[in-house]
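I opened this notebook to record what I looked up, one topic at a time.

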Amino acid sequence: MNKKVIAINSSKRKRNTHQLLEQLKNQLKEKHIEVEILNLFDYEIQECIGCEVCLRKGNCSLKDDHSLLMKKLTEYDGLVLSTPVYMGNVSGKLKVFVDRTCKWFHRPELVGIPVLSVATTSASGLGDTFKTLESVAIQWGAFPTDRIARQVKDLHISLEEKEYRQFLKHLNQPKSKYKPSMKQVIHFQVQKVLAEKVLPIDKDYWQQQGWTDKGYFYDSKAALTTKAFGNLFYRFLSSRVKKVGE
Ligand SMILES: Cc1cc2nc3c(=O)[nH]c(=O)nc-3n(C[C@H](O)[C@H](O)[C@H](O)COP(=O)(O)O)c2cc1C
């Protein structure tokens, strides 16, 4: 079956960043990978009001297009997160969208999905922008792969396959071949402790997914030292965090 990728464009203009996504879409089509571009500005996405209902109960209390978009994101084999650099980081529209996905930090739904990060800029801010995009991927349980960047002056330079090779590789191989970093393993262990100690809804979800006995979401190529340190870290943190309600 052909792989399906969703590419999020978070600029209102369908210009520099969108143009890169269109190139990517055309190139991946030749490899029988279908890319759907989703323009966040086509949807109503209200700002998070901080009620935490999504965390404690599961569903957001706001009525707009956001829950539909979250459901949609779970239906693809790969994800492209793209943004113009605004004030040294991601666009506001993307940040508003991401804030509303907070329940995925507790109950991740994009586990094992490779993420390709794309950003365009006049000149500066790419480093922090990519860090934000990759941190979001990790918080969702997905994992970051390549970074595609263009300054405005270089937009005429065509996309080359080497710029998204890792993304392609992971799209076409089982997630068990992925090697999570120490940061990702520690992140997993933190999420696990929170799931076990803080919200009952998280604990149920983690148990259903079979993650509570694991050192990462799935069997992976994590280095032995990374796994061992992750387990030690889990034991230490778990002994320090009190169960809510106790
Ligand atoms: C509100 C705003 C903030 C921006 N901030 C930066 C910035 O911090 N650094 C930079 O080099 N370019 C900055 N730019 C330029 C954009 O990143 C650049 O033009 C980008 O390619 C626009 O992408 P788009 O055509 O997809 O909207 C900014 C542009 C806007 C409109």
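The entries below follow that order.

**Entry 1, domains.** I note at the outset that I am working with a predicted model. I looked up how the chain is divided, and found domain 1 at residues 3–173 and domain 2 at residues 182–240. I then took the separation of the two, and their C-alpha centres lie 25 Å apart.

**Entry 2, extent of the interface.** How many residues of domain 1 are in contact with domain 2? I found 18 residues of domain 1 in contact with 12 residues of domain 2. For the area buried between domain 1 and domain 2 I have about 1300 Å², and I noted that carbon and sulfur atoms give 68% of this. Asking next which residues of domain 1 lose the most area to domain 2, I wrote down His106, Arg107 and Ile138, which together account for 39% of what that side buries.

I looked for salt bridges between domain 1 and domain 2, and the rule finds 1. I also looked up the pair formed by Asp202 and Arg107, a salt bridge in which the closest N and O atoms are 2.6 Å apart. Arg107 had already come up among the residues of domain 1 that lose the most area to domain 2. For polar contacts across this interface, I recorded 5 residue pairs.

**Entry 4, make-up of the domain 1 side.** I asked which elements supply the side of domain 1 that touches domain 2, and found that α2 (53–56), α5 (103–106), α6 (126–139) and β5 (143–151) each give at least two residues. The largest share, 3 residues, comes from α5. Sorting that side by class, I have 9 nonpolar, 5 polar and 4 charged residues.

I turned to the ligand and found 16 residues surrounding it, the closest being Ser11, Arg13, Thr17, Val85 and Ala123. In the side chain of Ser11, an N or O atom is 2.6 Å from an oxygen atom of the ligand.

I picked out Asp99 and Lys95, whose side chains meet in a salt bridge at 2.6 Å, N to O. Asp99 and Lys95 are separated by about one helical turn, because they are 4 residues apart in helix α4 (residues 92–99).

Methods. Residues numbered from 1 in each chain as written. Predicted model: local features only at pLDDT ≥ 70, side-chain atom pairs only at ≥ 80, totals over all residues. Heavy atoms only, no water. Domains from an automatic or database assignment. Contact = heavy atoms within 4.5 Å. Buried area = accessible area lost by both parts, 1.4 Å probe. Salt bridge = Lys/Arg side-chain N within 4 Å of Asp/Glu carboxyl O. Polar contact = N/O pair within 3.5 Å; in protein donor to acceptor, adjacent residues only side chain to side chain. Nonpolar A, V, L, I, M, F, W, Y, C, P; charged D, E, K, R; others polar. Near = heavy atom within 4 Å.
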